[in-house]
Number of protein chains: 2
Amino acid sequence: MPVDRLTQAQRLDAEDPLAAFRDEFVIDEPDLVYFDGNSLGRLPRATRSRLRTAVDQEWGVDLVRGWDRWIGLAREVGDLLAGAVLEASPGEVTLGDSTSVNLYKLAVAACDARPGRRVILTDDDNFPTDRYVLEGVAAARSMTLRVLPSDPDIGVTLASVREALDDDVALVSLSHVAYRSGAIADLAGITAAAHAAGALVLWDLCHSAGAVPVPLRSAGVDLAVGCTYKHLNAGPGAPSFLYVRQSLQTSLRQPIWGWFGQQDQFAMGPAYDPAPSVDRFLVGTPPVLGGYAALCGVQLSAAAGIDRIFAKGTALGDFAVDLYDEWLTPHGFALASPRSGRGAHVTLHHPAAWQISQALRDASVIPDYRTPDRLRLGFAPLYTRFVDVYEGFDRLRTIMEAESWRRFSANRSRVT
Amino acid sequence: MPVDRLTQAQRLDAEDPLAAFRDEFVIDEPDLVYFDGNSLGRLPRATRSRLRTAVDQEWGVDLVRGWDRWIGLAREVGDLLAGAVLEASPGEVTLGDSTSVNLYKLAVAACDARPGRRVILTDDDNFPTDRYVLEGVAAARSMTLRVLPSDPDIGVTLASVREALDDDVALVSLSHVAYRSGAIADLAGITAAAHAAGALVLWDLCHSAGAVPVPLRSAGVDLAVGCTYKHLNAGPGAPSFLYVRQSLQTSLRQPIWGWFGQQDQFAMGPAYDPAPSVDRFLVGTPPVLGGYAALCGVQLSAAAGIDRIFAKGTALGDFAVDLYDEWLTPHGFALASPRSGRGAHVTLHHPAAWQISQALRDASVIPDYRTPDRLRLGFAPLYTRFVDVYEGFDRLRTIMEAESWRRFSANRSRVT
């Protein structure tokens with residue numbers, strides 16, 4: 001007798017220890033199945049009201065006096081991230097700039113710390129902005145960007161990194177969770193291998209922060225960056241965080257010498273004298289609204305607990321893979337994610353992925369499309385229910401059975 | 001017979017063509033005299049409601065679909081700035097990152113465009129972050145940062161720049177309006193002198209954008225950056241804008257190769273291929289809330305008209321200088337600003353400037369303090385009335401006559 005998938009989903013929801021967190025989010029369109037929380041997380045209720053206070057009271061009334069409070073936001077968010085979301089220590093994480101800018105700062109700092117070494121190592125499955133930023137850093141220093149070929153459905157492997165490492169590698173920079181497949185890289189193994197070769201490591205945590213545990217301390221990670229607008233639910237374009245291992249902080253120098261990195265900022269002295277802390281990796285005046293949104297978002301993840309979040313994300317994905325096996329394989333789909341060791345999204349190949357993504361939107365399911373043939377389905381653990389996965393896959397099955405995706409143009413005009 | 005200064009102020013307000021713009025701002029503390037709009041501008045009413053829509057509807061309900069709208073914000077704000085606030089053309093201005101990061105990007109691009117030249121020229125009156133960023137750029141390239149001594153009460157002069165220029169100078173980078181004195185530099189003359197020596201110019205417009213006309217086109221300026229949270233009223237930490245002259249755009253390359261600078265961003269191709277436009281100076285995912293706040297703020301300045309704004313800012317400052325002459329010279333103050341050719345702030349020296357700034361706050365007047373002995377008084381033209389200047393100076397006179405500032409500690413604990 002086949003499993004009743006709806007009953008199964010309802011049972012899983014009833015047993016979900018994080019079920020109540022869904023009520024912490026604004027969900028105004030109940031029919032919508034949102035499978036893109038790993039691109040832009042939903043709006044927390046607390047954030048909505050905190051931003052109103054920040055705008056109406058702090059900016060509107062307190063005016064410039066608000067800086068007495070705002071100046072501490074980057075450190076406050078950083079310490080909360082360090083303690084509750086990443087496995088790091090207070091004073092190792094801060095907030096500011098975009099992920100790309102933070103990646104640039106830390107990549108340059110790392111290469112400077114390994115003079116004479118001529119190679120930056122990454123893989124072709126790394127997110128585009130990472131590859132471009134590293135390409136630019138390498139070009140400016142007449143270094144080589146060594147780009148490992150990785151299977152985009154499996155992600156980077158320790159074996160391939162080991163093989164590519166030699167004593168000319170200054171920096172290894174990879175994504176912890178792959179943006180296409182969701183594969184979790186062997187963060188500890190790769191970090192150890194890089195260290196054994198004398199290189200520093202810089203991890204991109206965009207798809208892992210708030211979704212999977214990130215053992216920065218036990219793995220001895222040197223450097224990391226990540227965004228807050230995916231699983232940390234801080235809103236569109238919210239600032240990025242960066243991590244620098246405590247013991248490296250005073251020996252590393254980043255290249256953008258802004259006044260927020262200065263030791264005694266308001267002395268406004270004649271020469272740059274970087275703070276002896278993670279603050280030296282800051283640059284200019286930080287975005288306050290984004291800082292508050294990051295604070296509220298991180299507080300939610302901290303309250304839920306990263307181990308419970310990871311367990312639920314894995315279970316949601318496993319359930320989705322079961323539905324794929326049962327419902328979608330006859331319709332030309334192929335799994336583009338690992339069956340185990342994933343972040344909180346599952347990706348499927350289909351030659352008509354673009355048109356199917358449009359048909360899904362038309363049916364109030366929001367997936368993500370990734371060129372050329374990938375349908376990426378994110379299951380943000382804090383607010384996605386098992387019945388949402390059921391419902392989204394049921395609509396997808398209906399679209400495939402009715403072939404209603406054929407009504408949509410193959411012309412890819414969408415910007416995101 | 002002495003002038004009745006209050007009557008004069010009331011008459012000037014009655015004749016002010018921009019008087020109605022004050023109603024466009026949230027002003028919830030009517031007794032407060034706000035003389036720091038050049039550090040953080042007030043909250044426009046339109047911004048308050050636009051941010052609610054952006055949060056509640058666009059993020060909360062539209063979710064990732066919001067990017068169809070958000071992706072165009074940087075260009076929209078840039079074009080409005082170009083046409084209405086700066087004298088530039090559509091496609092020459094965009095929005096993103098902090099002023100410090102933008103300064104870094106453009107300074108590196110400029111030095112790359114003048115290979116072989118070994119000097120960056122600035123002055124010691126430039127804002128600290130500018131000096132530090134340029135110091136960092138010079139250090140990384142084994143170039144020299146040549147720092148002109150300027151009188152901080154007068155600002156940089158064309159004569160001193162001319163004298164410091166030679167054919168080894170790659171880049172001249174200065175502030176258009178000095179952050180301490182408010183002096184307006186000779187933007188056209190210095191730009192022409194730099195060009196005559198074969199150098200590029202990079203102007204910091206933080207204290208001039210939205211306060212004084214900025215003739216980028218007629219002066220032939222190459223590069224500029226500026227913030228939006230001062231006279232453009234976009235809120236704490238709102239993103240910075242940058243300007244690159246059209247004819248330079250495709251020949252310049254900035255060093256941070258992020259995906260928002262990529263020509264075909266969502267193709268996610270293997271190599272960086274920068275957009276053939278001002279977009280190549282963008283880097284990572286832009287802050288959406290800050291982008292909307294910048295849009296609303298710039299719209300207000302555009303509606304008021306930069307020439308009228310400048311005329312009013314000058315008149316407010318002239319009135320303040322008159323009150324200083326009449327009321328404050330007996331109390332140990334000295335003018336730290338030029339009597340003509342100022343942006344929208346006036347600065348005074350006083351040995352007890354710190355304590356006086358605390359006494360003013362206590363009397364509901366918000367000035368800015370600048371180390372070691374400066375009291376900086378900003379008169380944001382869009383919402384500051386002549387009676388506000390009268391009232392603020394009257395309270396300052398009272399503090400000086402009663403010597404009530406002596407109650408405050410000389411210990412400088414304030415962060416901003």
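Of the 416 residues in chain A, 66% are buried. Keep in mind that this is a predicted model. Every number I give is computed from it.

What about the surface of chain A? Its accessible area comes to about 13,400 Å². Carbon and sulfur atoms account for 51% of that.

Now the overall form. Chain A has a radius of gyration of 22 Å. For 416 residues, a compact globule would come out near 22 Å, so the two agree. Along the principal axes, the C-alpha atoms fill a box of roughly 75 × 55 × 40 Å.

What is chain A built from? It has 13 helices and 13 strands. Next, look at how the chain contacts itself. Take contacts between residues at least 6 apart in sequence. Of those, 72% join residues at least 24 apart.

On to charge. Chain A carries 40 positive and 50 negative charges. How far apart are their mean positions? The answer is 2 Å.

Some of these charges pair up. Over all chains, the structure holds 52 salt bridges.

First, A:Glu58 and A:Arg50. Their closest N and O atoms are 2.8 Å apart. Is A:Glu58 buried or exposed? It is buried, because its relative accessible area is 9%, and the cut-off for buried is under 20%.

Second, A:Asp368 and A:Arg376. This salt bridge has an N to O distance of 2.9 Å. A:Asp368 is buried, with a relative accessible area of 1%. A:Arg376 also counts as buried, at 1%.

Third, we move to chain B. B:Asp388 and B:Arg385 meet in a salt bridge at 2.8 Å, N to O. Here the two partners fall into separate classes. B:Asp388 counts as buried, at 9% relative accessibility. B:Arg385 is partly exposed, at 31%. In chain A, salt bridges with shared partners join A:Arg22, A:Arg385 and A:Asp388 into one network.

Now a charged residue without a salt bridge. Find A:Asp130, in helix H6, residues 128–140 of chain A. A:Asp130 is buried, yet it has no salt bridge. Which side chain of opposite charge is nearest to A:Asp130? That is A:Arg131, 7.6 Å away. A salt bridge needs the nitrogen within 4 Å of the oxygen. What does A:Asp130 touch, then, leaving aside neighbours within four places in sequence? It is in contact with A:Leu103, A:Ser175 and A:Asp204.

Let's turn to the backbone. Most residues other than glycine have a negative phi, and most peptide bonds are trans. Now for some exceptions.

Start with a peptide bond. A:Thr371 and A:Pro372 are joined by a cis peptide bond, with omega about 0°. Where is A:Pro372? It sits in the loop between strand E12 (368–370) and strand E13 (374–378) of chain A. B:Pro372 is in the loop between strands E12 and E13 of chain B.

Next, phi. A:Ser364 is not a glycine, but its phi is positive, about 60°. Look for A:Ser364 in the loop between helix H12 (353–362) and strand E11 (365–366) of chain A.

In chain B, take B:Met268. Its phi is near 55°, which is positive, and this residue is not a glycine either. B:Met268 lies in the loop between strand E8 (241–244) and helix H10 (288–304) of chain B. Buried or exposed? At 9% relative accessibility, B:Met268 counts as buried.

One last stop: B:Gly198. This glycine is in the loop between helix H8 (187–196) and strand E6 (200–204) of chain B. B:Gly198 is partly exposed, at 23% relative accessible area. Which residues does B:Gly198 touch, not counting those up to four places away in sequence? They are B:Arg114 and B:Arg117. Also check B:Ala170, which is 28 residues from B:Gly198 along the chain. Their C-alpha atoms are separated by 7.4 Å.

That's the tour. Thank you.

Terms used. Residues numbered from 1 in each chain as written. Chains lettered and ligands numbered in written order. Predicted model: local features only at pLDDT ≥ 70, side-chain atom pairs only at ≥ 80, totals over all residues. Heavy atoms only, no water. Helix = DSSP H or I, 4+ residues; strand = E, 2+ residues; numbered from the N terminus. Rg over C-alpha atoms; globule rule 2.2 N^0.38 Å. Buried < 20%, exposed > 50% of the residue type's maximum accessible area, 1.4 Å probe, protein only. Contact = heavy atoms within 4.5 Å. Areas by Shrake-Rupley, 256 points an atom, 1.4 Å probe, with all protein chains shown as cover. Lys, Arg positive; Asp, Glu negative; His and termini not counted. Charge placed at Lys NZ, Arg CZ, Asp CG, Glu CD.
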